[in-house]
Amino acid sequence: MSQSPRSTSRLAPHELWRGVHATAQSDAVGGALLLVATVVALLLANSPATDLYTSVRDFTIGPHALHLDLTIGEWAADGLLAIFFFVVGLELKEEFVAGKLRDPRQAALPIAAAFGGVAVPALIFAGIAVSSDSEGAMRGWAIPTATDIAFAVAVLAVVGRYLPPALRVFLLTLAIVDDLIAITIIAVVYTQGLHLQWLLLALVPLAVFAVLVQRGVITWWLLAPLGVLTWALVHASGIHATVAGVLLGFTVPVVATQRARVQSSTDEDGTPVYDGLTAYLADQWGVFTTLVAVPVFAFFSAGVTVGGLEGFRTALQDPITLGIIAGLVIGKPVGITLTSFALSRLPAFELDESLRWPDIIGMGFVAGVGFTVSLLVGELAYGTASVADEHVKIGVLLGSLVSAVVGGGFLAVRSRAAHAAGATAS
């Protein structure tokens, strides 16, 4: 008896892609891949394979004439993260035009909380840095200000099953605004030796890219070269190349029009349903950033050689390390919670009625998971492969771990209590 095609164990390519795509969109999967990449990097950096790991990370490749003779680690930080920030730019624009940030009243409190969650960690780091004799320590003031969306949302997805959906919306809005602040800080504070001519030249391919996407062109062999050229020229200008990704994302239209739209599905009567290009491109490139870009960056950025107990003890005595840990573990929840509490008393700011203050406190700790962007800012502040950068990595890893454990534990208790209350009520 012959088997029908549907009964075979082999999946068609389009079915396999749909499965991979659905898996990559899971919050927990993104966080798990980051965690695996980080653990593997740490194991390699503190094993007999450390020389192999560092030689691969520091191997230089690329044309010197174009100022693109970068190490593999720099390609991951400057190149792959530019794709990540392209997706961030798409999501930011979609939220501002048609999403959670469109309604000022609804978005006001998490936006304000994001600023509080940036300011307080920066002040804590600055206070510790000023009180020390460490020269140049102050350059890292922005390291503990960032929230890693993938990790933070993954923690909430794992432990917060029975928590109000509004808490995830609050965290996502806060993290999106946090990313926008981080992008601004990187562009303004950590840009050295600006070469205006290259920046002006970058506007040409950026403008052509914008015209094409506004006309609904999504052909990869037209857009990709323009994106790469924009990235290369922004990199040559002295501005961190990830900013190019955000600028490219901001040019893409959000609202589906007759000219710029992609069919996503059909409704019950067969009428086509269309998405704007931001949703389509974020959906397509989000898979790559989740499965490749961010984990590869984490792999090459998180591999710090601790140097045993003595090296670990030395790192914990560095004000840079202490400032980062204190900023993430204490500054984030304090800044977010106090800002939210103070402003919620004003008529213009309103906390969702389904949320309780213990939920906000737990989420504040989870927002202290500042992995990806914190590592990037550390490299920009102190340079790669420096002692300070090694201590940055230890501080970010420890601070993020403690924040995830404390915040996750806090929200897990809240989730169980909410589940028990719901079961009792039913």
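**Salt bridges and overall fold of the predicted model**

Arg-57 forms a salt bridge with Asp-58, the closest N and O atoms lying 3.1 Å apart. The model in which this pair occurs is a predicted one. Arg-57 is buried, with a relative accessible area of 11%, whereas Asp-58 is partly exposed at 39%. The burial assignment of Arg-57 follows from the cut-off, because buried means under 20% relative accessible area. In total, the structure contains six salt bridges.

A further salt bridge pairs Arg-414 with Asp-359, with 2.8 Å between the closest N and O atoms. This pair links distant parts of the chain: Arg-414 belongs to helix α16 (residues 387-425) and Asp-359 to helix α14 (residues 357-366), and the two residues are 55 residues apart. The partners also carry separate accessibility assignments. Arg-414 is partly exposed, with a relative accessible area of 24%, while Asp-359 counts as buried at 1% relative accessibility.

The N to O distance for the side chains of Asp-389 and Lys-393 is 3.9 Å. Salt bridges with shared partners join Asp-389, Glu-390 and Lys-393 into one network.

The secondary structure of the protein chain comprises 16 helices and four strands. The C-alpha atoms occupy a box of roughly 70 × 65 × 60 Å along the principal axes. The radius of gyration of the protein chain is 22 Å, which agrees with the value near 22 Å for a compact globule with 426 residues. Of the 426 residues in the protein chain, 49% are buried. Among contacts with a separation of 6 or more, 79% are accounted for by residues 24 or more positions apart. The accessible surface of the protein chain amounts to about 20000 Å², and carbon and sulfur atoms contribute 67% of this area.

Note on methods: Residues numbered from 1 in each chain as written. Predicted model: local features only at pLDDT ≥ 70, side-chain atom pairs only at ≥ 80, totals over all residues. Heavy atoms only, no water. Salt bridge = Lys/Arg side-chain N within 4 Å of Asp/Glu carboxyl O. Buried < 20%, exposed > 50% of the residue type's maximum accessible area, 1.4 Å probe, protein only. Rg over C-alpha atoms; globule rule 2.2 N^0.38 Å. Contact = heavy atoms within 4.5 Å. Areas by Shrake-Rupley, 256 points an atom, 1.4 Å probe, with all protein chains shown as cover.
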